[in-house]
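Open the model in your viewer and keep the selection tool handy.

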Amino acid sequence: MGLSHHSIGILFSTDGPYGLVGRAMLNGARLAVEEVNAQGDITLAPVICDPQGALAGYVAGAEQLLGAGIRHVVGCYTSSSRKEIIPIFEKRDGLLWYPSHYEGFETSANVIYTGAAPNQHIVPLVRYLLARGGRTAFCIGSNYIWAWENNRILRETLAIAGGQVTGERYLAVGETALGQVIEAILDAKPDFVFNTLIGTSAYRFFRDFRSACRARGIDQPRTLPVASCSLAEPELEAIGPEAVDGHLSSSVYFTSIDSPRNRAFTAAYAARFPDGPTASADTESSYIAVHLLARALARAGTEDAATVRRTACMDAFDAPQGPVRLDETTLHACLTPRIGLSTAAARFSIVAQADEPVAPDPYLVRSDPRVVPVSRRPRLRVVP
């Protein structure tokens, strides 16, 4: 029997305000395609579209790919772009393989989610901060659903702990005029800042916030830490050396994971993409999505969405972060939560992690912070 050939869509914005993240995701997908093709079981032919960060571009890209007969597309970073094109996939019965951490409260029979659900990143981060005395927060985020929902979860958890959100500000994606909101944060004097800014807005915030703290004699990393669920290695490099260290990030993957599998992955990635961006959780999630898709196509023997969806949930993948499999009920991945602290070398030191993969709970029905006793120790093991 000869090789089976499959065209797949790749839909990432490599230009625009979050183009750095998009390039890291595209590279992860490309590396996985090359590995799949080298193995010789099936061959994948990627058809790449760049929406350039515009919602209309995602719609046009999805219509173009699905209209050409492609049934499976790996793509999207923002939740706004994902929600914009899900109806197209539902109408044409294609599968969107969505490789980004997100705010949850969604399932679709036409979406496979390989990024972290809220119980795998936002809930572990809030518990980590609460256990270390964080009771007041100031929330700053990009003005779309990712920030709104994560901040809602944070507010509810802090309220149960007797804490509060002392301020909440949203800015347009790409906004870099941050002086007023930084002054508001400093005047509020919270225990920590919860950051849900993305792209160039986030990079500018970290630089300007560190500078403003220095001007007031504040040791920002120690006394006013910034915690995020979307801060990754390429973005640390984009922030620059003057403000890169001392930030908390909750993720399921960091390049500093010390395992033979991850060392092999990071070496292969660096050799293939020497000009970067550096590998990240977004890179790894795209890499996982393509590998799971390829394995499902090989097992199914067809591109039919229902068949591939079913076979994808029958498999597991030895990912750089550790073992990953899909939950057949939610179509989300079982992933391993970790907390990292950024270093001056633009990398993360892992300070806590789960002992094993955590089942996804996108609607927080099993791990809803409103019903979890806040006195409970975090479910992450502190890393010496």
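Start by selecting helix α3 (residues 79-92), which lies across β1, β3, β4 (95-98) and β5 and runs at about 165° to β4. Helices (H or I, at least four residues) and strands (E, at least two) are DSSP runs, numbered from the N terminus. Angles run from 0 to 180 degrees between N-to-C directions, with axes as lines fitted to C-alpha atoms, for helices over the stretch in contact.

This is a predicted model, where local features need pLDDT of at least 70, side-chain atom pairs count only at pLDDT 80 or more, and totals for chains, interfaces and linings use all residues. Residues are numbered from 1 along each chain as its sequence is written, and side-chain values use heavy atoms, leaving out hydrogens and water.

Next, show the strands: 5 of them form an open, parallel sheet in the order β2-β1-β3-β4-β5. Pairing here requires at least two bridges found by DSSP between two strands. At the edges, β2 (42-49) and β5 (111-113) each have a single partner strand, so one side of each lacks a neighbour in the sheet. On average, neighbouring strands are turned by 25° against each other, direction ignored.

Zoom in on β1 (residues 4-11) and β3 (residues 72-75), which pair in the parallel sense over 3 bridges. Ile 10 stands opposite Val 74 in β3.

Finally, pick the cysteines. How many disulfides (cysteine sulfur pairs within 2.5 Å) are there? The count comes to 0. For Cys 76, the nearest cysteine sulfur, that of Cys 49, is 11 Å away.

How values were computed: A disulfide is a pair of cysteine sulfur atoms within 2.5 Å. Contact means heavy atoms within 4.5 Å.
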